[in-house]
Amino acid sequence: MDKIKITGGNRLEGKIFISGAKNAALPLICASLLTKDTVTLTNMPLLSDIKSMNDLLEQLGTQIDCFDDFVDGHSTKTYSYRTQEATSLTAPYDYVRKMRASYYVLGPLLARYGEVQVSLPGGCAIGARPMDIHLSALEQMGAKVEIINGYINAKVKGKLKGCHITFHTASVGATCNIMMAATLAQGTTTIENAAKEPEISDLAELLTAMGAKVSGQGTSTITIEGVKELHGVAHKVIPDRIEAGSYAAAAAITRGKIELINAQTQTLQCPLQLLRDTGVKVSETANGILIDATNAKLSGQDIMTDYYPGFPTDLQAQFLALMLTADGASMVTETIWENRFMHVPELLRMGANINVHGHASAIVRGVKKLSGAQVMATDLRASFALVLAGLVAEGETTVNRVYHLDRGYERLEEKLKGVGAKIERISESDELAAE
Ligand code: UD1
């Protein structure tokens, strides 16, 4: 398994290009199942989660082509998806187990074919991750849903029926799934307590361009008027706000100065304000956002995760890491996932001072220095927190289980090296050769 080796102590300075958003791209790929035409997605990130989703769609009968492309002078990927007819209506366990977001095929396939089987994902490192909201909404739309042999079997006679649905929690996944399902339903569907994340607005924009009638995205009430069919389009994926926030934390923790090219301030209001409160200068530039922590004396701040536009749970681990060397105490409260402090025991091994209280809160007391260690990545975002600690720790830090990072950070070492970090990937084959 690959590892990442970091020698800490370098101040980071320069520009980092922010890739297309993984969490926007995954439902967009699945929306292509709603039409027999070609859907082309540009500014796609090169990530293992995208590859996993592509593998699943190929298994369902989608023809996928990939092209090298450029966005604002930076190399990216463009993918085109064409599902003239699905050859399978089953998302098997082996695919879903690798990536939970595979459940995004549920809504589109049920809407187009009236039938689908998706392996129930089960929990993961950060929490139980139920799917009751998705399934209850589909039942309210007329589907018969059963769990058989670990699979969700959903069927509907004729078309799904539009109706008024109120989610008990503003779930991102359920909002995307039900929005997609409702585009081809009979009549109008209203989702109350819908999630408001920018990735949902991006999906609504794609669906609208495909001929769907969606309104209210970005608010807690989304309305979808069903249409007979959708057509192909080309769409550019929005920049990844979580990747941008992660590199903003890298600039701040190293007291560096990084311009995040393509990052959008409007999708990052809460984390950017937190950086300002911590003592970092944040400004909008013609091409993105400038994070300037040169000579900054960082002061600890409290963080509480919340649904968008609140502080994103997917930046909690990285901003907790930022507080490790800030002055004073910071209370970090996680409200979305029940097990999202797995990075803490690893950070303690690097000399951090953190006390976790129950499942929801951690108190970080700033320390003068961290020291490099061998650490283990536990999930995608937690892994980046370890990288951040490694960037300022004295000596060498080795982050094991790098496959977590490859799920969500495109060319991480290259991007960090480009702004002055001393970082390298040690592949398993390098290690074997060295033995
Ligand atoms: C998405 C993101 C993930 C992020 C999360 C919250 C993708 C691929 N993943 O995950 O990175 O951390 O949003 O911003 O976009 N819930 C239920 N029942 C359900 C569904 C969810 O109770 O049927 C609860 C969950 O337990 C959790 C909360 O709703 O407490 C939010 O989950 P949800 O927004 O669905 O997360 P995902 O879409 O899985």
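Helices (DSSP runs of H or I, at least four residues) and strands (DSSP runs of E, at least two) are numbered from the N terminus. Just after helix α4, G114 takes a positive phi of about 75°.

This is a predicted model, in which local features need pLDDT of at least 70, side-chain atom pairs count only at pLDDT 80 or more, and totals for chains, interfaces and linings use all residues. Residues are numbered from 1 along each chain as its sequence is written, and side-chain values use heavy atoms, with hydrogens and water left out.

**Helix α4**

Start with α4 itself, residues 106–113. Of its 8 residues, 7 are buried. Buried means under 20% relative accessible area, exposed means over 50%, and partly exposed lies in between (1.4 Å probe, protein chains only). The buried residues of α4 are L106, G107, P108, L109, L110, A111 and R112. They pack against α1 (22–31), α2 (48–60), β7 (115–119), α5, β9 (151–155) and α6. Contact here means heavy atoms within 4.5 Å.

**The ligand**

Two of those packing partners, α5 and α6, are among the elements named in.

| Residue | Protein atom | Ligand atom | Distance |
|---|---|---|---|
| N23 | side-chain N or O | oxygen | 3.3 Å |
| P130 | backbone N or O | oxygen | 3.3 Å |
| I336 | backbone N or O | oxygen | 2.8 Å |

Taken alone, the ligand exposes 740 Å², and the protein buries 88% of that. Accessible areas come from the Shrake-Rupley method with a 1.4 Å probe; for residues, only the protein chains shown count as cover.

I191 lies in strand β11 (residues 188–192). Its relative accessible area is 0%, so I191 is buried. I191 touches I165, F167, T175, I178, M179, S220, T221, I222 and I224, not counting residues up to four places away in sequence.

V227 sits in the loop between β13 (221–225) and β14 (233–236). V227 counts as buried because its relative accessibility is 16%. Its C-alpha atom is 8.1 Å from that of G187, 40 residues away along the chain.

**Aromatic rings**

The structure holds 5 aromatic pairs. Rings of Phe, Tyr and Trp (its six-membered ring) pair if their centres lie within 6.5 Å; planes under 30 degrees apart count as stacked, over 60 as edge-to-face and the rest as tilted. Y79 and Y81 have ring centres 6.2 Å apart and planes at 35°, so this pair is tilted. Y79 is buried at 10%, and Y81 is buried at 0%. Ring pairs also link Y247, F384 and Y409 into a cluster.

Note on methods: Polar contact = N/O pair within 3.5 Å; in protein donor to acceptor, adjacent residues only side chain to side chain.
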